[in-house]
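Some notes on this entry follow, as numbered points.

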Amino acid sequence: MINEYIGFLSDARYGYVEFSIGTSFRNELCPIVFKRSEIYTVKINSQIDSWISRNVLRFSQLDGVYFRRRNNSYKIDIQSNIGELKFVNSYNILLDRSFLNEHVFRNLSALSIEGHLRSIDRNAFISLIYIKYLLLNLKNFREFIHNSNNEWLNSFQATTSESIELYFGLNEKDYLFPDEDFCLFKHFDPESTLNIFIVYFQLKQDLKEDLKSCTMLFLVQKDNSSRNYSDFLAEGAEAYASSVKISKEDEERIKRCNFTQRLSMCNNVTYK
């Protein structure tokens, strides 16, 4: 049970904390569990939300955290400082503010999710003003993109005025961002500080030019040709990985894609 961890998480100073596969999250967790904790990395294994089994970390949503003493109420400042959060082997989870509690993860700088993700709530990142890196290494990427209306991109790219990085991690050619899916990414603003990187694991060479769709080029159109993987991505990378970069040949292709015209047509596009 998660209650077993209360004693050592409050006022904790750890480099790494992992909730193993056997950890049970039966009830909502009060944010006070992480009161004044300083943890560089928190790793949570095997979150699952299905009709067969449900074991999902959820925090109580509170405007403030209070305790009562006699007839008086006192507000507690959680003062949690967690740098990096990793969800591993997740299945069918919904990422929202009950996951990303503003009191617990307000100083979060990096978030990675590996496995199956159902969708991301449009307001999931509103309170995470220090986040710099997001890695979505999903086995159901196409399903996720079609299920999420993807308005979460708005809140994610608006969290800070500083540069932030979003990594889409995919297995070799599982999903190639077809042009019929272009409007699923209409909430991405190329003028924002958000930089998107598409990374294909187990791909031993760069993606062939003729496989680059207008959708793919729209997402990676910023000049990142000299960008290497960040330290955040490197730990989870497979033996072979290749990121999609803009080549000289792509510059003319981008002009032909005419992103402005494509975006103007998105209001008339619906997806099933």
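Are Cys214 and Cys257 buried or exposed? Both Cys214 and Cys257 are buried. The model is a predicted one, and the points below should be read with that in mind.

1. Cys214 and Cys257 are joined in a disulfide, with 2.0 Å between their sulfur atoms. Cys214 belongs to helix 4 (residues 214-219) and Cys257 to helix 6 (residues 248-257), so this pair ties together parts that lie 43 residues apart in sequence. The link of Cys214 and Cys257 is left-handed, at -85 degrees about the S-S bond.

2. Cys183 is bonded to Cys266 in a disulfide, with an S to S distance of 2.1 Å. Cys183 is in the loop between strand 10 (164-171) and strand 11 (194-201), while Cys266 is in the segment after helix 7 (259-264), so the parts tied together are 83 residues apart in sequence. The link of Cys183 and Cys266 is left-handed, with -85 degrees about the S-S bond. Cys183 and Cys266 are both buried.

3. The count of disulfides is two. With the bonded cysteines of the chain numbered in sequence order, the pairing reads 1-4, 2-3. As for Cys30, this residue is partly exposed, with a relative accessible area of 28%.

4. The aromatic pairs number 19. In the pair of Phe144 and Trp152, the ring centres are 6.3 Å apart and the planes are at 40 degrees, so the pair is tilted; a pair counts as stacked under 30 degrees and as edge-to-face over 60. Phe144 and Trp152 are both buried.

5. Phe144 and Trp152 are also members of one aromatic cluster, which they form with Phe125, Phe141, Phe156, Phe168, Tyr175, Phe177 and Phe185. Another ring to inspect is that of Phe182: the charged end of Arg262 sits over this ring, 5.9 Å from its centre.

6. Arg58 is found in the loop between strand 4 (54-55) and strand 5 (65-69). Why does Arg58 count as buried? Arg58 counts as buried because its relative accessibility is 10%, and the cut-off for buried is under 20%.

7. The side chain of Arg58 makes a polar contact of 2.8 Å with the side chain of Asp96. Leaving aside residues up to four places away in sequence, Arg58 touches Asn27, Glu28, Leu29, Leu94, Asp96, Ser98 and Phe99.

Notes. Residues numbered from 1 in each chain as written. Predicted model: local features only at pLDDT ≥ 70, side-chain atom pairs only at ≥ 80, totals over all residues. Heavy atoms only, no water. Phe/Tyr/Trp six-rings, centres within 6.5 Å; stacked < 30°, edge-to-face > 60°. Buried < 20%, exposed > 50% of the residue type's maximum accessible area, 1.4 Å probe, protein only. Lys NZ or Arg CZ within 6 Å of the ring centre and 35° of its normal. Helix = DSSP H or I, 4+ residues; strand = E, 2+ residues; numbered from the N terminus. Polar contact = N/O pair within 3.5 Å; in protein donor to acceptor, adjacent residues only side chain to side chain. Contact = heavy atoms within 4.5 Å. Disulfide = S-S within 2.5 Å.
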